[in-house]
Amino acid sequence: MPTVVFLTALDLEHAAVVEHLTQPTTERWKRGMIFDTGVFQGKALWHVAVAQAGPGNATAGILLDRAVTTFSPDVAMFVGIAGGRKDVRHGDVVVADAVYDYESGKDEEHLYLPRVKTSAPSFGLVQRAQAVVRRARWQERILPRPPTHRPTAFVKPIAAGGKVVANDRSSTARLLTAYCGDALAVDMESHGFLRGAYVNEGVSALVVRGISDLLSDKTAGNDARWQIPAARNAAAFAFEVLDAGIEPDQTGLVGADSHPAANSFVQKNSPAGGTVYANQGIGNQIIYPEARSEERHGSVRKH
């Protein structure tokens with residue numbers, strides 16, 4: 001029976017994943033970390049372990065490594081909620097085809113020099129997620145019942161850092177616009193999670209996020225209304241990805257990109273203007289961004 005590990009940050013995300021298990025769960029402890037284990041019944045039976053890792057990139061990476069040591073999973077997913085940057089609505093789902101660590105940089109006397117790092121999920125799972133989006137049947141899996149207004153799913157980049165970005169006019173939001181402009185969502189764990197997958201060869205990894213708030217409209221009322229539905233939408237999409245094939249070794253879900261270098265990029269930024277080039281295979285992603293007005297005037301430059 002293939003094995004999948006789910007990590008979440010919040011208890012409501014954990015509950016959204018456990019709802020899809022078909023047998024009563026049992027607890028398993030590993031050095032203080034509690035996993036709820038059970039079975040997902042789809043086209044194939046999956047052994048499932050779910051743990052609440054809490055917030056933060058570092059924690060997500062460390063605890064994924066512990067989960068891999070404990071269960072030797074075929075697949076690992078981080079499932080939960082995120083803030084929407086652009087082009088998304090409450091309840092939509094964003095599956096990361098790249099995750100930007102926007103907090104890396106060099107802080108000089110008068111300048112901040114971003115050094116945005118990029119991590120990538122497993123190619124086979126991204127392909128499977130794109131197929132699930134195209135078929136547009138995943139919404140039927142949403143619990144407790146499919147909503148009247150069907151959410152939309154996207155396979156696009158996500159930005160991850162240690163800050164709760166609560167306004168689209170904040171300094172962090174402006175940095176994301178300047179250097180992570182194609183990211184649809186922002187969270188606090190995805191980069192660390194994928195780094196944890198990167199050091200564990202043979203584990204296919206994916207990040208699935210439901211949009212619970214928008215940077216342009218973040219309120220306590222929206223959080224209360226949308227966090228649980230967004231988490232359930234993300235969980236439904238994740239299980240649809242698992243169920244899209246018959247067996248992991250037959251569908252490309254597992255083992256498609258076992259070379260660890262295929263699971264992460266190293267991004268190098270040039271201070272000069274130019275064209276964007278990206279090699280998404282094994283190796284480095286080298287980016288030469290176009291010079292922006294603030295760079296030309298010397299207020300911000302990349303190093």
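I began with F35 and F71: both are buried. The model is predicted, and I kept that in mind throughout.

**Entry 1: the F35–F71 pair**

I looked up the geometry of these two rings. The centres of F35 and F71 are 4.9 Å apart and the planes stand at 75 degrees, so I logged the pair as edge-to-face. The cut-off for that label is over 60 degrees. Next I checked where the partners sit. F35 belongs to strand 3 (residues 33-41) and F71 to helix 2 (residues 57-71). They are 36 residues apart, and the pair links distant parts of the chain.

I then asked what lies over the face of F71. R28 does, at 4.9 Å from the ring centre.

**Entry 2: the F6–F239 pair**

How many aromatic pairs does the structure hold? I found 5. One of them joins F6 and F239, with 5.0 Å centre to centre and 35 degrees between the planes. I noted this pair as tilted. F6 is in strand 1 (residues 3-8) and F239 in helix 6 (residues 220-243), so the pair ties together parts 233 residues apart in sequence.

Buried or exposed? I checked F6 and F239. F6 is buried, at a relative accessible area of 0%. F239 also counts as buried, at 0% relative accessibility. The cut-off for buried is under 20%. I also found that F6 and F239 form one aromatic cluster with F40.

**Entry 3: contacts of F6**

I listed what F6 touches, leaving aside neighbours within four places in sequence. The contacts include V17, V48, A49, V50 and A51. M77 and V79 are also on the list, as are A238, F239 and L242.

**Entry 4: the cores**

Which residues touch the most other members of the largest nonpolar core? That core has 37 residues, and the answer is F6, M77, V79, L206, V208, F237 and L242. Helix 6 gives the largest share of this core, 10 residues. I recorded a second, separate core of 33 residues as well. Among its members are L7, L63, I158 and L214.

**Entry 5: R209**

R209 lies in strand 12 (residues 204-214). R209 counts as buried, at 1% relative accessibility. What does its side chain reach? I found the backbone oxygen of I81, at 2.8 Å from the side chain of R209.

Note on methods
Residues are numbered from 1 along each chain as its sequence is written. This is a predicted model: local features need pLDDT of at least 70, side-chain atom pairs count only at pLDDT 80 or more; totals for chains, interfaces and linings use all residues. Side-chain values use heavy atoms; hydrogens and water are left out. Rings of Phe, Tyr and Trp (its six-membered ring) pair if their centres lie within 6.5 Å; planes under 30 degrees apart count as stacked, over 60 as edge-to-face and the rest as tilted. Helices (H or I, at least four residues) and strands (E, at least two) are DSSP runs, numbered from the N terminus. Buried means under 20% relative accessible area, exposed over 50%, partly exposed in between (1.4 Å probe, protein chains only). A charge sits over a ring if NZ of Lys or CZ of Arg is within 6 Å of the ring centre and within 35 degrees of the ring normal. A polar contact is a pair of N or O atoms within 3.5 Å; within protein, one must be able to donate a hydrogen and the other to accept it, and residues adjacent in sequence count only if both atoms are side-chain atoms. A nonpolar core is a set of buried Ala, Val, Leu, Ile, Met, Phe, Trp, Tyr and Cys residues joined through side-chain atoms within 4.5 Å. Contact means heavy atoms within 4.5 Å.
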